[in-house]
Amino acid sequence: MTPHDPPSPVQPRPGPPRVWLPRRVWITAAAAEQPHTAEIVRRCEAAGVTEIETLSGNRLTGLSGGSEREVYARAKSTLAVVVAPPSALKPQPIPPSADWRIDLARGCPAHCQYCYLAGSLTGPPVTRLYANLDDVLAGIGTHAGRGTVTSASADRAHEGTTFELSCYTDPLGLEHLSGALALAISRVGAGAYGAEASLRFTTKYDGVGALLDLDHARRTRVRFSVNAAPVARRFEGGTAAVSARLAALASMARAGYPVGLTLAPVMPVVDWREAYGQLLDDVATALDGVAGLDLTAEIITHRFTPGSKEVLLGWYPQTRLEMDEERRTPKRSKFGGVKFVYDKTTMAEMRSWFTAELDRRLPNARLLYWT
Ligand code: SF4
């Protein structure tokens with residue numbers, strides 16, 4: 001990677017949020033029978049979507065055909081409203097972030113060239129909203145009090161049983177069309193699933209307006225996924241600007257939410273210390289004076305798998321994202337898979353810098369993990 005852009009200050013920018021408008025909305029026959037679907041349709045119409053179609057069956061057809069880029073473009077501009085299959089209703093452990101994973105949706109409308117979903121989702125990258133919300137959220141009730149990840153950690157047990165909402169989607173990026181996040185936050189805030197449950201999600205969007213006045217009871221932690229200017233500028237598309245995410249972070253913190261930073265994916269770009277130093281300083285400026293601030297940080301270095309590289313190169317053939325196995329260290333998982341991470345020296349250098357500078361520039365931030 002050879003970016004030579006100097007770090008530039010990123011000031012919080014208030015303004016209209018970045019909202020995604022799908023070109024078409026498809027509702028499967030089964031989803032059409034779900035009560036929450038009417039709310040999704042209302043929101044889509046209010047947002048200005050004109051092509052809303054109820055399918056005669058439950059399969060999404062018509063996405064394939066043409067070049068890989070054409071399939072990608074068609075899928076990324078389509079919102080499908082579907083019923084979550086039974087496999088998606090069973091919460092799974094999701095270390096190191098949370099005890100359990102709950103999926104409000106699957107897929108994301110943004111265009112990040114390093115997207116971590118590339119390695120975990122198959123098929124055309126259509127965004128699916130789950131219409132059977134009560135079934136999806138029921139997993140919180142059945143699994144509260146049964147956590148084995150953060151619940152088993154001395155540092156994080158006080159969070160209660162944690163449920164991660166952003167494993168397979170960016171839930172805030174879809175909230176104007178779904179309302180699922182507000183419902184989940186309100187129910188957990190009201191104790192509908194017991195006193196143990198807490199939610200967390202991460203986002204690259206900024207449309208937090210509808211969440212600010214909810215009775216969240218400080219049981220939802222919203223983290224904003226941010227990156228240094230050379231990385232965000234070059235590799236993130238369709239997301240809110242980093243400055244807008246920082247403004248949203250400050251708004252949520254002022255509304256009493258526990259907040260966090262997902263610094264990801266961290267890359268040793270040219271002048272990375274200056275670039276990430278500027279980012280941390282911008283966060284400090286945005287959060288200056290927020291009373292009762294509860295701030296965490298999660299830091300994830302860039303990595304890729306053979307599968308994610310292949311998918312990403314199909315989606316973004318011109319990308320300048322460095323995915324060179326020769327320059328990386330393979331790391332094998334216990335399931336036999338391999339991912340390529342930075343070499344030991346680079347990892348150690350970055351880890352020590354981030355740990356020290358987080359402490360120095362954001363002394364209130366609690367580092368949850370580095371990976
Ligand atoms: S916002 Fe997250 S999930 Fe969406 S495209 Fe970017 S990296 Fe992928």
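**Exercise 1: the ligand shell.** List the residues around the ligand and sort them by type.

*Solution.* Start with the cut-off: a residue is near a molecule if its C-beta atom, placed from the backbone, lies within 6 Å of it. That gives Cys-108, Ala-110, Cys-112, Cys-115, Tyr-116, Leu-117, Asp-170, Lys-204 and Thr-239. Now sort them: Ala, Val, Leu, Ile, Met, Phe, Trp, Tyr, Cys and Pro count as nonpolar, Asp, Glu, Lys and Arg as charged, and the others, Gly among them, as polar. You get six nonpolar, one polar and two charged.

A quick heads-up: this is a predicted model, where local features need pLDDT of at least 70 and side-chain atom pairs count only at pLDDT 80 or more, while totals for chains, interfaces and linings use all residues. Numbering runs from 1 along each chain as its sequence is written.

**Exercise 2: two helices.** How are H6 and H7 oriented to each other?

*Solution.* Helices are DSSP runs (H or I, at least four residues), numbered from the N terminus. Find H6 at residues 171-178 and H7 at residues 180-189. Next, take axes as lines fitted to C-alpha atoms over the stretch in contact, with angles from 0 to 180 degrees between N-to-C directions. The angle is about 100°, and the axes lie 7 Å apart. Angles of 65 to 115 degrees count as roughly perpendicular, so H6 and H7 are roughly perpendicular to each other.

Last step, the contact (C-beta atoms, placed from the backbone, within 7 Å): Pro-171, Leu-172, Glu-175 and Ser-178 of H6 meet Ala-180, Leu-181 and Ala-182 of H7. Those residues split into five nonpolar, one polar and one charged.

Key: Parallel < 35°, antiparallel > 145°, perpendicular 65-115°, else oblique. Contact = placed C-beta atoms within 7 Å.
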